[in-house]
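I'll jot things down as I find them.

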Amino acid sequence: MILDFSKYSSVKIGGRVEVALLRQRGDYAVQMVGLANNLLVSPHAQNLAILDRCFDYIEDRGSFVEVGAKTSAQALFKYFRDHNLGGLEFLGALPGSVGGLLKMNAGMKAYQMSGVVLQANINGAWLDSQALGLSYRFSAFEGVVFGVRLQKKHGFRESVFQECKRMRACHPKKPSFGSCFKNPPGDFAGRLLEAVGLRGFNLGRVGFSSAHANFLINLGGAHFEEALELIALAKERVFKAFGILLQEEVCILT
């Protein structure tokens, strides 16, 4: 199948690229696309794949909830809220699919996926949470996520949901992939980018938002190379000023 990432991805950057459809669990040498909410995809990217709809499910297995990796963040959030389950309140303010959320250990503030994950199916085998190597916006496993098993913590926390919802309301509205860089230990990427003059800075058809310096936004018709150039410029400026090498939160597929 062909996906046009200038329309499919959240940042609306890319071109028409061939993508394989995975219909069963197994060990595949591919780059996963998911819902492309945290991806910057080259028009020349190869070995891309997406999961079939059979991996979009939520099942109560008694002591845990099993979720297919294609399931959206919003569908999982709604299930947990409707069933008075806690731990994933932050998903009400996040886009993405479960596979991508696990791969980047997505979260907001102190709340993240690792807080509720029991096991995940990677390349067709179930692994315990300790084997996934989850830490701040990071996972150590390699391969394709097919499903996740989550703790059933009773008690949905409305206050946490509202807190994350307020944070989300301040995010830029133009196409982006959310935070461009991870926060370095003891600091904030947005503060560093603003300190070197990049808040509201434009380079061609991309820029850093004036509303939030850590959001790389598409100003209209942006190209892959322009985004790469801006990311490199930001890293260079911050390193020269503070000696800190920013790490991308966005996943770049080439």
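Before anything else, a term: two strands pair if DSSP finds at least two bridges between them. Helices (H or I, at least four residues) and strands (E, at least two) are DSSP runs, numbered from the N terminus. This is a predicted model, where local features need pLDDT of at least 70 and side-chain atom pairs count only at pLDDT 80 or more, while totals for chains, interfaces and linings use all residues. Residues are numbered from 1 along each chain as its sequence is written, and side-chain values use heavy atoms, with hydrogens and water left out.

**Entry 1: a mixed sheet**

I looked up β2 (residues 16-22) and found that it pairs with β5 in the parallel sense, over four bridges. Ala20 stands opposite Ala49 in β5. These two strands belong to an open sheet of four, ordered β1-β2-β5-β3, with mixed pairing. Its edges are β1 (2-4) and β3 (31-32), each pairing on one side only.

**Entry 2: an antiparallel sheet**

Next I traced an open sheet of five strands, in the order β6-β7-β13-β11-β12, and its pairing is antiparallel. β6 and β12 (125-128) are the edge strands, each pairing on one side only. From one strand to the next the twist averages 20 degrees (axes are lines fitted to C-alpha atoms, for helices over the stretch in contact, and angles run from 0 to 180 degrees between N-to-C directions). Four bridges join β11 and β12 in the antiparallel sense, and Asn121 has Trp126 in β12 as its bridge partner. I also saw α2 packing on the sheet, where it touches β6, β7 and β13; its direction makes about 25 degrees with that of β6.

Which residues of α2 are buried? I found Ala73, Leu76, Phe77, Tyr79 and Phe80 (buried means under 20% relative accessible area, exposed over 50%, partly exposed in between, with a 1.4 Å probe and protein chains only). They are on the same side of α2 because they cover an arc of only 160 degrees around the axis, the arc being that of the directions from the helix axis to the C-beta atoms. On the other side, Lys78 and Asp82 are exposed. The buried residues of α2 pack against β6 (58-60), β7, β8 (85-86), α3, β13 and α4. After α2 comes Asn84, with a positive phi near 55 degrees.

**Entry 3: the cores**

I then looked for nonpolar cores (sets of buried Ala, Val, Leu, Ile, Met, Phe, Trp, Tyr and Cys residues joined through side-chain atoms within 4.5 Å). The largest has 40 residues, and Leu88, Leu91 and Leu150 have the most contacts inside it. Elements that give two or more residues to this core include β7 (64-68), α2 (73-82) and α4 (158-169). α2 gives the most, with five residues. I checked Leu91: beyond its neighbours within four places in sequence, its contacts (heavy atoms within 4.5 Å) are Ala73, Gln74, Leu76, Phe77, Leu101 and Met113. A second, separate core has 24 residues, among them Phe177, Ala189, Val196 and Leu198.

**Entry 4: around β18**

Last stop, β18 (residues 215-218). Phe215 and Ile217 point one way from this strand, Leu216 and Asn218 the other way, and all are buried. β15 (residues 176-179) runs antiparallel to β18, joined by two bridges, and Ser179 has Phe215 as its bridge partner. β17 (residues 206-208) is also antiparallel to β18, with three bridges, and Phe208 stands opposite Leu216. β17 and β18 form a hairpin with six residues between them.
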